[in-house]
Amino acid sequence: MTSVHTDHHDHDHDHAAIEQVDRPGYYEVMETAIRELLIAKGLISAGDIRHQIEVLDSRSPALGAAVVARAWTDPDFKRRLLADGRKGCEELGISFYDDTQLIVLENTSEVHNLIVCTLCSCYPRPVLGLPPDWYKLKPYRARAVSEPRKVLAEFGTHLPDDVEIRVSDSTAAVRYLVLPLRPEGTDDWSPDELAAIVTRDAMIGVIPVTIGGEAA
Ligand code: FE
């Protein structure tokens, strides 16, 4: 029997056919064209691009969570972090590969902070990595400003009416990170234990930090 590979071949497991997508989309063509031009003109090298991709891939919410846990356990660090978010993060060895400023917004029992980029998708990437898809979509970008309490409720976050919601609009130059409220019952927790419960969404401000992930 000859070995002919078809979509209906016999396997001891099921899988979809692997399809070759041979026509790149608009943005892929644009990216390739710009990249090749920049390299041809000697403005950047292929190595520069690879290095930058590695830097971006190295960022994740675990970095922001470590910053939050440190702020919860070290009042002096928290003071410095709130005074200058970027310098505070740099103290913990987090580098900023761009010219963005970072402002850390502290949640309290009176004020809850929420971050958004109404224009596009500006986000504290050096400390959180890539933004979630919903953060980049128009409904969130518009409604976070026009009806933040409703948006929070859709994330399962129901704040008392007397808690003020402050929405901060990120820009190309200024990014925000929310310092969530430390949950009760964590007084004797280590920074590592605390960091493990700090989620990306809590640092955007759409949910609180909870023990064991129960709803607020
Ligand atoms: Fe933006």
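Is lysine 136 buried, partly exposed or exposed? Lysine 136 is partly exposed, with a relative accessible area of 35%; here buried means under 20% relative accessible area, exposed over 50%, and partly exposed in between, with a 1.4 Å probe and protein chains only.

Before you click further, note that this is a predicted model, in which local features need pLDDT of at least 70 and side-chain atom pairs count only at pLDDT 80 or more, while totals for chains, interfaces and linings use all residues. Residues are numbered from 1 along each chain as its sequence is written, and side-chain values use heavy atoms, with hydrogens and water left out.

Helices (H or I, at least four residues) and strands (E, at least two) are DSSP runs, numbered from the N terminus. Aspartate 133 is exposed, at a relative accessible area of 56%. Now select Arg143, Glu147, Lys150 and Glu154: salt bridges that share partners join these residues into one network.

Next, go to helix H5 (residues 85-91), where glutamate 90 and arginine 86 are four residues apart, or about one helical turn. Their side chains meet in a salt bridge at 3.2 Å, N to O. Glutamate 90 counts as partly exposed, at 37% relative accessibility.

Then pick aspartate 74 and arginine 70, another salt bridge, whose closest N and O atoms are 3.1 Å apart. Aspartate 74 is buried at 19%, while arginine 70 is partly exposed at 29%. In total, the salt bridges come to 13.

**Stop two: the iron ion**

Which atoms are the protein donors of the iron ion? They are Cys117 (SG), Cys120 (SG), Ser121 (N), Cys122 (N) and Cys122 (SG), at 2.1 to 2.8 Å from the ion. Donors are N, O and S atoms within 2.8 Å of the metal (3.2 Å for Na, K and Ca); water is not among the atoms, so sites may look incomplete. Along the sequence, the donor residues follow the spacing C-x2-C-S-C. Serine 121 and cysteine 122 are both buried.

**Stop three: aromatic rings**

The structure holds six aromatic pairs. Rings of Phe, Tyr and Trp (its six-membered ring) pair if their centres lie within 6.5 Å; planes under 30 degrees apart count as stacked, over 60 as edge-to-face and the rest as tilted. Select tyrosine 123 and tyrosine 135: with centres 5.0 Å apart and planes at 65 degrees, this pair is edge-to-face. Tyrosine 123 lies in the loop between strand S2 (111-116) and helix H6 (125-128) and tyrosine 135 in helix H7, so the pair ties together parts twelve residues apart in sequence. Both tyrosine 123 and tyrosine 135 are buried.

Now try tryptophan 134 and tyrosine 140, also edge-to-face, with centres 4.9 Å apart and planes at 75 degrees. Tryptophan 134 is partly exposed at 22%, whereas tyrosine 140 is buried at 6%. To finish, select Tyr123, Trp134, Tyr135, Tyr140 and Phe155 together: ring pairs link them into a cluster.

Terms used. A salt bridge is a side-chain nitrogen of Lys or Arg within 4 Å of a carboxyl oxygen of Asp or Glu.
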